[in-house]
Amino acid sequence: MQKRRHIQKKILTTFHQFGYNEIQTPIFETLELFTAKSGQAIIDELYTFQDKGQRNLALRPELTAPVMRMYVEKLQMEPKPLKLFYFGQCFRYDRPQKGRYREFFQAGCELIGTNTPEAHAELIALAYTLLKNVGLKNITLKIGNLDLVQALFKHHHISDQQKQELLPLIDKEEFDELKTYLHNTTLTEQDIDEILHLLQTTDLSTITASFKKQKELTEELQKTQHIFTLLTDAFSIPTPEFHLSIVRGLDYYQGLVFEIEAPILGAEKQLCGGGTYSLIDLFGGTPTPTAGFAIGFDRTILALEEEHYHFPESTIDLYLIPVTPKTLPNTLHLAQQIRKQGYIVDIDLLQRGIGKALKHANTKNTTYAIIIGPDELKQNVITLRNMDTGKQQSIPTKELITTLNKIIPPTKETPLH
Ligand code: AMP
């Protein structure tokens, strides 16, 4: 938890830095909330149950639908754009493996009320910055566009049925299987080559050139180009790649989609998925443009471990040692006084003698120990020991806080009252 909380804190701070406010929704929702969004097939992937009132409920598999429900019920009148972030656990009836769990955490956000290229560029930059800020060295940002994928399908007269069969292959980048599939359709060799080429290129200008003739796509192509320019120039993201093969849940995403991967994770390398979608009208709200993303928190920790990220050790500011049982009450009182100043303080509660207590202090990673024996008590002083150098000094108890303020900067945690 020490590792996880350290990374979680960084994620929450970055969301705040981008102007997002936290939202929390219940762990379970009505089953219908998820089937409305993703169809009946989703039930196989859910933990579902009936409560005592025979209501069909489900543990949430993700937070976008719950947040959209809450928005429609409670937040529609809030000033736009509304920037909401969440951090919470999700449940999926998956076959567990490394990086794929039945209970896992997602950190994500929803941007409600704007669909400008600038807003979308900032959203993508936020996802990228979050993963960079937590300390990941090697991540890949892939951006796609579902309007272009749909146009490609339409151009080649690919039926809805065929689409349903093609999408999983595209999603998993199984291009050999895709080629075999396409060969069993009425498409010409030239068509197949074109489709495969477009699905595999990472170059936006190739895409732009190919779709240029379809006038209805001009705006979407210009917008995509603008987002790329903003990402590289305004947000200094070195190499965003365009991938037409990013298809995600085609059923409710539209236009822009993106994913961030940590190649070091191998099969389960996808850390983040997001894009633009419309769910608000589905849940009975006034249609409003929305976009968002979700980051897999557990996979982020795994990727950091694989990259040998140095997670900081747990440390304390001061370790207090009451030398005899008689000095324990005063030491407890002193510990509380020091904690009120914002310091992290632990105390030897086992009365194990100075030698052993100092050894224990070392396991707590403290730079200073305070020793309070009967003599110190009598003279109203304490002994402050620097644990690195072994140097000790006697300090009048009433000057202790002033001395501490000079030598140890208090942590930014909220002091006790
Ligand atoms: P999704 O909602 O499927 O787009 O998932 C968003 C992110 O959540 C993925 O990119 C993963 O990092 C993470 N994720 C999804 N499913 C699981 C799972 N079963 N276990 C751990 N992480 C997951």
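What follows is a sequence of selections in a predicted model, each with a description of what is found there.

**The whole chain**

Begin with the protein chain displayed as a cartoon. It comprises 15 helices and 16 strands. Switch to the C-alpha trace and orient the view along the principal axes: the trace spans about 95 × 55 × 40 Å. The radius of gyration of the protein chain is 28 Å, whereas a compact globule of 417 residues would have a value near 22 Å.

Of the 417 residues in the chain, 49% are buried. If contacts are drawn between residues at least 6 apart in sequence, 68% of them join residues at least 24 apart.

**The ligand and its shell**

Select the ligand and display the residues around it. How many residues surround the ligand, and which are the closest? The shell holds 14 residues, and the closest are R92, Y101, Q106, R248 and Q270. Colouring the shell by class gives 5 nonpolar, 4 polar and 5 charged residues.

Now turn to individual atom pairs. The side chain of R92 places an N or O atom 2.9 Å from an oxygen atom of the ligand. At D94, a polar side-chain atom is 3.3 Å from a ligand nitrogen atom. G296 contributes through its backbone, with an N or O atom 3.4 Å from an oxygen atom of the ligand. Taken alone, the ligand exposes 490 Å², of which the protein buries 89%. Return to the cartoon to see which elements supply the shell: β6 (103-112), β10 (270-277) and β11 (290-296) each give two or more residues. Among the elements, β10 gives the most, with 3 residues.

Select E268, which is located in the loop between β9 (253-261) and β10. Is this residue buried or exposed? E268 has a relative accessible area of 13%, below the 20% cut-off, and is therefore buried. Display its side chain together with those of R100 and R299. A polar contact of 3.0 Å links the side chains of E268 and R100, and another, of 3.2 Å, links those of E268 and R299. Leaving out residues up to four places away in sequence, E268 touches Q97, K98, G99, R100 and R299.

**R69, in helix α3**

Move to helix α3 (residues 64-75) and select R69. With a relative accessible area of 18%, R69 is likewise under the 20% cut-off and so counts as buried. Which residues does R69 contact, apart from its neighbours within four places in sequence? They are P26, E29, L33 and F283.

**Helix α5 and its ends**

Finish at helix α5 (residues 146-155). Start at the N-terminal end, which is capped by N145: a side-chain oxygen of N145 lies 2.9 Å from the backbone nitrogen of D147. Then select the buried residues of α5, namely L146, L148, V149, A151, L152 and F153. Beyond the helix, proceed to H157, which follows α5 and has a positive phi, near 55°.

Technical notes
Residues are numbered from 1 along each chain as its sequence is written. This is a predicted model: local features need pLDDT of at least 70, side-chain atom pairs count only at pLDDT 80 or more; totals for chains, interfaces and linings use all residues. Side-chain values use heavy atoms; hydrogens and water are left out. A residue is near a molecule or strand if one of its heavy atoms lies within 4 Å of it. A polar contact is a pair of N or O atoms within 3.5 Å; within protein, one must be able to donate a hydrogen and the other to accept it, and residues adjacent in sequence count only if both atoms are side-chain atoms. Accessible areas come from the Shrake-Rupley method with a 1.4 Å probe; for residues, only the protein chains shown count as cover. Helices (H or I, at least four residues) and strands (E, at least two) are DSSP runs, numbered from the N terminus. Ala, Val, Leu, Ile, Met, Phe, Trp, Tyr, Cys and Pro count as nonpolar, Asp, Glu, Lys and Arg as charged, and the others, Gly among them, as polar. Buried means under 20% relative accessible area, exposed over 50%, partly exposed in between (1.4 Å probe, protein chains only). Contact means heavy atoms within 4.5 Å. The radius of gyration is taken over C-alpha atoms; the globule rule is 2.2 Å times the number of residues to the power 0.38.
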